[in-house]
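Subject: Structure handover

Hello,

Here is the structure I promised to pass on. Please open it and keep it beside you while you read.

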Amino acid sequence: MSESRETLPAHRAWMTVAQKVGTPIASVILAIGIGSVIMWASGYDPVAAFAALFKGSFGGPKQIGDTLLRSTPLILTGLSVAYGFRAGLFNIGAEGQLFMGGLVVAWLGVALTGLPWVVMVPLLVVAAMLAGAAWAFVPAILKARIGAHEVITTMMFTYIGRYIVSWLVVGPLKAPGQIPQTDALPIGSQLPRIQTLFSEATLEALPFLKLGRAHLGIVVAVIAALVVWFILKYTTLGYENRAVGFNPWASETGGISVQWTTVKALCISGALAGLAGAVEVMGVHHRIFDQFSSGFGFTGIAVALLAKNHPLGVIPAAILFGALSAGAGTMQLEAHVPQKIILIIQALVIFLVAAEEIVTWFIKRRQKEALSHVG
Amino acid sequence: MPVLELREITKVFPGVVANDRVSLVLERGEIVALLGENGAGKSTLMNVVYGLLSSDGGQVLVDDKPVKIKSPRQAIDLGIGMVHQHFMLVEPLTVTENIVLGREPGRFGVIDFTTAHKKVQEIATRYGLKVDPDARIMDLSVGMQQRVEILKALYQGARVLILDEPTAVLTPQEAKELFSVVRSLVDEGLSVVFITHKLEEVMSVSDRIIVMRDGRVVGETKPSETDDVGLARMMVGRDVVLSVEKGPSECAAEVLEVTDLHVKDDRGLEAVRGVSFTVCGGEIVALAGVSGNGQSELIEAIVGLRRPVGGRLMLKGVDITHASARVSIEAGVSHIPEDRHRRGLVLEFDLAENLILGDHRMPPYATRGIMHPSAVTATAEKRIADYDIRTPSWHVLASNLSGGNQQKVVVAREIGRNPELLVAAQPTRGLDVGAIEFVHRQILKERESGKAVLLVSLELEEVLSLADRILVIYEGRIVREFTAGEADEETLGYFMTGGGGTKLEDEGRTEHAEMAEGDA
């Protein structure tokens, strides 16, 4: 018995890793399978469709660049939602915090023209994070003080944020011209494309660096993921965040202020969403307008779910969603499958991850059957 | 002919053999107690019999015929009923509705409630299980709900009834009633298996006792052939000291000084009404009282979880009246909370993380907000060894430990912190004798090393054996104080239930007397 007990940790560790990674992967595979059946039933060729989808998202450096471009804001909003979840908070309003981050960058990036790039970019990044945090602060205080549910309040603040932007781009911050948008950021406020950092010769020698529209924001996002991972694993801030997320009563008994932890968690979550808005403005659009985000804040919820709220898991999860959206066009063009089918697959992934119990149940049943055959 | 026989049942969980070739025979009309420590494999065995778990080997025989029980449904069809620790009743439905649920009399989907009523009444009268058939479950006491569970099993035609730790949730009075019900059931020819770790129950109700340890049957005996000490030895596998030995206490210095403390409860009513007492270093002071007389609020105020509305708390000369839980911990107050699942542990955290909760900001575990995993795990390993926490490693999640081991984790953390004052609330609730002995020894060790201990317990036996002084709390006031040896259970019980009301001194008396009159 003692021997069998000693083998437990290794076995457990393996089990937990397999379970953590296994279910999301199984969900994605299952979603692709069901998606194929839907395509086939609608008269499309699923093999050709997924081949085209893959080609459009990973077929070459330009396509990979496009996938990274679309993954960048999703990594950050995914981190935002995941960090909140780890404190037991559902920040459904990442979209609004993202708008605030983008707005501050679009404004300051133009207003402070003239500062050197090395000063400007960090300044804008910090300003955007503060803006995102500020936008989460009121819901956070309401939650901590009077228990107002963050799902309602952060969502309401999303509307407020979006409409403030809508007003500003037709009003005070409107750039000259017909289009409701702000002035373009000067080069000194932009995040450059990755391929512009290398000389022609280098790009010829290393063609995989021709990443098209992918910009430095992806580096920012990956660094953010590493920082969040470090915070959760190696700091008292992260320890308290997780403790409160799991059991606020025991945390309180252990001398952790649940209210203060809640405020910090939502503000950090907001800061990460604000950062997403910043990289999107600085790296892609170079200005803000009404439709500058295609719901990154909301897709971030799906990314966090798929990543099981693990900050490093957020990266592959965001890349998956980025790839689905990057390859959709090619799929429509080459396999003649309507782009909307991608939305179905995304929905299936979310549904299956959310309904993880179902997948786990399937796995357990198979194990049970295998066992009963042995017995 | 035995009604139920188990032959060499084996059940393996990943890494642990929960049942190792367990054999057991149950005759018609007998009560068998399945005794063992938490985690000995009793519940696993019975869950196999009830079809909730599949065995990895062995045979189950009902009426001498081998059967394969794959689901509770099959178990019920074979006449086996089980009442779990956590009841499986539909709260908003009535007693009758719950009992007939799944086997409703009637036709075409229309339930024949007249017949249902009659049948339930019939069974209730036959076995002397008085219960209002029209009451809603949520309006019933825990004891009554358990009765409904038993009735349900009988309605389904159970001839063998399995009770999983039936008294864990009951008051002593309810437990007594349960035992008389169980008696009348076996008189009617049923057979009962009841799972427990409480020695006195085993001695008083069972016909036969089967003792399990580490997944094996280690002995079988009868109440007439053994005693508490013998059973405890069988169960734990070594001699257990059931009584506590300790020398007289000396008050080294006052550690905790509570002066005229007033604390409100969650509803805003004053739960603690002017309590004053001191706890010295090297002394165990016990707070005895019936649950709900202000103990919880008093403790929460002392450990910083609740702000007092009046009075003063001093710890070694430092005012901690308005200290937060964090300040209170840092000032040297440790707290073994009443409810370990809710307040004591983060069940989803591993043991290392749990073992430093509350100390997690301080060196060596963290400096300037950065944690040091090697220091955390070193402490975890030391505490796991020092406090005999049975676990393969600190990687294990707290939720995977047995109740006794979970409590050891809390005790290890709170005492391991080396506090000035240890506040222990119901530190042995739900634990088996081995673990109780362990926790008691740790508390006494604290006393011997000159620390102050405030013990709150509903178990008078525990209060009497551990405490140097006993404060009786009633309706938010200390109504009486005893020194060790001065009181017995009866005296304490008398004052705990308000018997000493007239002996109250000072201004509290008149108010108290008025209240008593008001109640009458």
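Which residue is the bridge partner of Gly36(B) in strand 11 of chain B? It is Met212(B). Before you go further, note that this is a predicted model.

**The six-stranded sheet of chain B**

That bridge belongs to a pairing between strand 3 (residues 31-36) and strand 11 (residues 208-213) of chain B. The two run parallel and are joined by five bridges. Both sit in an open sheet of six strands in chain B, in the order 6-9-10-3-11-12. Pairing in this sheet is mixed. From one strand to the next, the twist averages 20°.

Now look at helix 5 (residues 142-155) of chain B. It lies across strand 6 and strand 9 (160-164) of chain B. Its direction is at about 170° to strand 6 of chain B.

**Helix 6 of chain B**

This helix covers residues 172-187, which makes 16 residues. At 1.5 Å a residue they should span 22 Å, and the end C-alpha atoms are 23 Å apart, so the two values agree.

Which residues of helix 6 of chain B are buried? They are Leu178(B), Val182(B) and Leu185(B). These three cover an arc of only 55° around the axis, so they lie on the same side of helix 6 of chain B. The face turned away from that buried side carries the exposed residues Pro172(B), Gln173(B), Ser180(B) and Asp187(B).

What covers the buried residues? Strand 3, helix 4 (113-127) and helix 5 of chain B are among the elements that do. Strand 9, strand 10 (191-196) and helix 7 (199-205) of chain B are also included. After helix 6 of chain B comes Gly189(B), with a positive phi near 105°.

**The four-stranded sheet of chain B**

Chain B has another open sheet, with four strands in the order 2-1-4-5. Its pairing is antiparallel. Strand 2 (16-26) and strand 5 (65-67) of chain B each have a single partner strand, so one side of each is left without a neighbour in the sheet. The twist here averages 30° from one strand to the next.

Inside this sheet, strand 1 (residues 4-13) and strand 4 (residues 57-62) of chain B pair over five bridges. Find Thr10(B), and you will see Gly57(B) of strand 4 of chain B opposite. Helix 1 (residues 42-49) of chain B lies across strand 1, strand 2 and strand 4 of chain B. The angle between helix 1 and strand 1 of chain B is about 115°.

Next, go to strand 18 (residues 333-336) of chain B. In a regular strand, side chains alternate between the two faces of the sheet. Here Val333(B) and His335(B) point one way, while Ser334(B) and Ile336(B) point the other way. All of them are buried. Strand 18 of chain B pairs in the parallel sense with strand 21 (residues 421-425) of chain B, over four bridges. One bridge partner to look for is Leu422(B), which goes with Ser334(B).

**Ile299(B)**

Ile299(B) lies in helix 9 (residues 295-302) of chain B. Is it buried or exposed? Ile299(B) has 23 C-beta neighbours inside 10 Å, so it counts as buried. Leaving out residues up to four places away in sequence, Ile299(B) touches Val423(B), Ala425(B) and Val456(B).

Chain A has 16 helices and zero strands. It has 375 residues, and 48% of them count as buried. In helix 5 (residues 94-111) of chain A, 15 of the 18 residues are buried, so this helix is largely enclosed by the rest of the structure.

The largest nonpolar core has 255 residues. Those with the most contacts inside it are Leu275(A), Val314(A), Val49(B), Leu455(B) and Val472(B). Helix 12 (residues 258-285) of chain A gives the most to this core, with 14 residues. Beyond four places in sequence, its contacts include Ile75(A), Gly78(A), Leu79(A) and Ala82(A).

Best wishes

Note on methods. Residues are numbered from 1 along each chain as its sequence is written. Chains are lettered from A and ligands numbered from 1 in the order in which they are written. This is a predicted model: local features need pLDDT of at least 70, side-chain atom pairs count only at pLDDT 80 or more; totals for chains, interfaces and linings use all residues. Two strands pair if DSSP finds at least two bridges between them. Axes are lines fitted to C-alpha atoms, for helices over the stretch in contact, and angles run from 0 to 180 degrees between N-to-C directions. Two residues are in contact if their C-beta atoms, placed from the backbone, lie within 7 Å. A residue is buried if 20 or more other C-beta atoms lie within 10 Å of its own, exposed if 12 or fewer, and partly exposed in between; C-beta atoms are placed from the backbone. The expected span of a helix is 1.5 Å times one less than its number of residues. The arc is that of the directions from the helix axis to the C-beta atoms. A nonpolar core is a set of buried Ala, Val, Leu, Ile, Met, Phe, Trp, Tyr and Cys residues joined through C-beta atoms within 7 Å.
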